[in-house]
Amino acid sequence: MPAESSDPGAREMATTRGMVSVAMATYNGAEFVTEQIASILPQLAPGDEVVIVDDASTDDTVEVISRIDDPRIRLVTRDVNWGYVRTFEQALGLARGEYLFLCDQDDVWIPGRVDLMVAALADHQVIASNLASLGGPNRIPGPFWIKDWRLWSRDSGHAIRNLLRLLAGVQCYWGCAMAVRRDALDYLLPFPRFLNETHDQWIGLCGNMARSMGHMNSRTVWRRVHDSNLTPTQPRGVIPALRSRVMLIRCLAVAWSRGLHLVGSRKQR
């Protein structure tokens with residue numbers, strides 16, 4: 001992979017659109033992480049960065065990443081496993097760009113993803129797109145009563161409806177298909193201390209409360225479905241589902257305490 005492009009047009013792009021940071025969490029991802037990074041780097045300008053926080057992998061993930069010769073990659077390693085929520089929180093906190101893309105270790109970015117989402121972030125602090133399955137159907141399965149679990153741009157402005165659907169478990173935001181502007185970090189970070197899963201739902205909840213959540217019709221990520229996915233592909237049962245709903249309600253209270261309902265009110269005036 002090239003260390004850096006000498007193309008003045010690429011440098012101009014990074015300057016005019018602002019710096020892009022990719023925030024990736026890794027844990028025992030040696031098998032797929034090289035393919036993922038290879039799909040990301042061609043979409044970035046020389047001044048962009050890929051911030052990778054490794055959550056104490058026990059395989060050779062760190063060695064695999066270290067062999068990729070590209071100065072845009074910033075690799076941070078931990079000796080203690082904190083879990084993926086805290087790992088993404090740290091990666092976002094370390095990112096220096098104007099536009100921050102959340103990134104899983106085992107997916108593949110569809111060409112054009114960065115340009116599409118940066119353009120959408122001109123009007124929204126938080127943006128979420130759709131997914132396709134890598135090597136599978138052009139959709140992501142949801143609960144059994146939802147044939148194609150996806151987002152529509154026409155729903156971007158329906159913040160209250162989106163929040164109610166999110167709390168009911170019929171609205172889903174996929175972290176690997178989300179990006180945020182730097183000014184959104186003012187209310188997104190730190191993550192609530194009790195949050196131990198679904199950091200992407202926290203981001204979607206905050207974006208809607210701030211009246212700055214955008215949905216994209218486009219599918220921008222090929223999601224690799226395998227036995228080690230942290231996001232379940234099948235219903236988890238009543239008790240886990242209820243526990244998740246309670247946690248989201250607690251997140252709503254934290255977002256309220258951070259004044260996001262007031263931010264939304266000011267935006268509507």
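Start by selecting T61: its side chain reaches the backbone nitrogen of A30 at 3.1 Å. This is a predicted model, where local features need pLDDT of at least 70, side-chain atom pairs count only at pLDDT 80 or more, and totals for chains, interfaces and linings use all residues. Residues are numbered from 1 along each chain as its sequence is written, and side-chain values use heavy atoms, with hydrogens and water left out.

Stay on T61 and bring up helix α3, residues 61–66, where T61 is found. (Helices are DSSP runs of H or I, at least four residues, numbered from the N terminus.) T61 is buried, at a relative accessible area of 0%; buried means under 20%, exposed over 50%, with a 1.4 Å probe and protein chains only. Now show what surrounds T61: beyond its neighbours within four places in sequence, it is in contact with T26, N28, G29, A30 and D54, contact being heavy atoms within 4.5 Å.

Next, jump to helix α6, residues 159–168, and pick out its buried residues A159, N162, L163 and L166. Look down the axis: these residues fall within an arc of 100 degrees, so they line one face of α6. The arc is taken over directions from the helix axis to the C-beta atoms. Step on to G169, which follows α6 and has a positive phi, near 85 degrees.

Last, colour by pLDDT, the predictor's confidence in each residue from 0 to 100. The protein's mean is 88, with 84% of its residues at 70 or more. Select residues 1–11, though, and pLDDT stays under 50.

Technical notes: Helix = DSSP H or I, 4+ residues; strand = E, 2+ residues; numbered from the N terminus. Polar contact = N/O pair within 3.5 Å; in protein donor to acceptor, adjacent residues only side chain to side chain.
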